[in-house]
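Here is a short report on one protein chain. Look at the sequence and the structure first, then read on.

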Amino acid sequence: MLRLGVLASGRGSNLEALLKSCDKSKNGARIAVVLTDNPKAKALTIAQEYNVPAFFVDPKACSKAEFNQSLVSRLKTYDVDLVVLAGYMRILDSGFIQAFSGKVINIHPSLLPAFPGLNAQRQALTSGVKYSGCTVHYVDEGMDTGPIIAQAVVPVLPEDTEEELAQRILAEEHILLPKVVDWIAEGKVRLQGRKVIINN
Ligand code: GRF
């Protein structure tokens, strides 16, 4: 069974999509623990509703390295095989990335490498692209720069507001992230240098 540790800073809709798909899936991926850097994150309540252990780790209580180390030790305590960043708003430090080398994935609301970082939907609207979408990728030490596992595309419509585009992308995120976790649980995803090979 693939044991997941989910890091989330806010609303938690991707966490909820994962919780639902893990309930249904036959491949045995399970969320072992949820961690947040925000005591008010709705992700905490969602995890509790699904009876998943969930903890707030205070980033202001210690140095950046110590904070990252406390995340790592919580995840190790819960024997986590794969870390999923689902709306986690902090950069992980190199200590964290090394502790879970090749075992951290993130969901981002654009077709990377376009529009990394914050406000990806606003960046897409401003740039005038006709298509955007979401990307699930492995996490390295850069900002949304790791090897791409999978993407889903949505149209950008002429009259779109940021919120409308974000909602259209989010609907795809809720499908793509659980799908990638399933593939990983089924051993279908292999990292070869910066390329990701999927054996479907
Ligand atoms: C999503 O758009 C995700 O792609 C981005 O942050 C947002 C998190 O939303 N990284 P939620 O907390 O999962 O609802």
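## Ground rules

Helices (H or I, at least four residues) and strands (E, at least two) are DSSP runs, numbered from the N terminus. This is a predicted model, in which local features need pLDDT of at least 70, side-chain atom pairs count only at pLDDT 80 or more, and totals for chains, interfaces and linings use all residues. Residues are numbered from 1 along each chain as its sequence is written, and side-chain values use heavy atoms, with hydrogens and water left out.

Start with N51. It is found in the loop between α2 and β3 (54–56). Is N51 buried or exposed? N51 is exposed, with a relative accessible area of 71%. The cut-offs are these: buried means under 20% relative accessible area, exposed over 50%, and partly exposed in between (1.4 Å probe, protein chains only).

Now take D79. This residue lies in the loop between α3 (64–77) and β4. D79 is not a glycine, yet its phi is positive, at about 55°. With 53% relative accessibility, D79 counts as exposed.

## A cis peptide bond

Look next at L112 and P113. A cis peptide bond joins them, with omega at about 10°. P113 sits in the loop between β5 (104–108) and α5 (120–127).

## Salt bridges

A salt bridge is a side-chain nitrogen of Lys or Arg within 4 Å of a carboxyl oxygen of Asp or Glu. How many salt bridges are there by this rule? The count comes to five. Three of them follow here.

One pairs R90 with D37, at 2.7 Å from N to O. R90 lies in the loop between β4 (82–85) and α4 (94–99), and D37 in the loop between β2 (30–36) and α2 (42–49), so the pair ties together parts that are 53 residues apart in sequence. R90 is partly exposed, at a relative accessible area of 38%. D37 is buried, at 9%.

Another joins the side chains of D140 and R194, at 3.7 Å from N to O. This pair also links distant parts of the chain. D140 is in the loop between β6 (131–138) and β7 (148–155), while R194 is in the loop between β8 (189–192) and β9 (195–198), 54 residues apart. D140 is partly exposed, with a relative accessible area of 24%. R194 is exposed, with 53%. The side chains of E186 and K188 form a further salt bridge, at 2.8 Å from N to O. Both residues are partly exposed: E186 has a relative accessible area of 41%, and K188 has 23%.

Two packed helices are described by the angle between their axes and the distance between the axes. Axes are lines fitted to C-alpha atoms, for helices over the stretch in contact, and angles run from 0 to 180 degrees between N-to-C directions.

The axes of α1 (residues 13–24) and α6 (residues 162–185) come within 9 Å and cross at roughly 45°. That makes α1 oblique to α6. Angles under 35 degrees count as roughly parallel, over 145 as roughly antiparallel, 65 to 115 as roughly perpendicular, and the rest as oblique.

Which residues of α1 and α6 meet? S13, N14, A17, L18 and S21 in α1 meet L170, E173, H174, L177, P178 and V181 in α6. Contact means heavy atoms within 4.5 Å. The residues of this contact divide into six nonpolar, four polar and one charged. Ala, Val, Leu, Ile, Met, Phe, Trp, Tyr, Cys and Pro count as nonpolar, Asp, Glu, Lys and Arg as charged, and the others, Gly among them, as polar.

## Helix α1 against α2

α1 also packs with α2, at an angle of about 15° and with the axes 9 Å apart. The two helices are therefore roughly parallel to each other. Their crossing is right-handed. L15, E16 and L19 in α1 meet A43, I46 and A47 in α2. This contact has five nonpolar residues, no polar ones and one charged.

## I198 and its contacts

I198 has its place in strand β9. It is partly exposed, with a relative accessible area of 26%. Leaving out residues up to four places away in sequence, I198 touches I149, W183, K188 and V189. The C-alpha atoms of I198 and W183 are separated by 8.0 Å, and the two residues are 15 apart along the chain.

Note on methods
Left-handed = near helix turned anticlockwise from the far one by under 90°.
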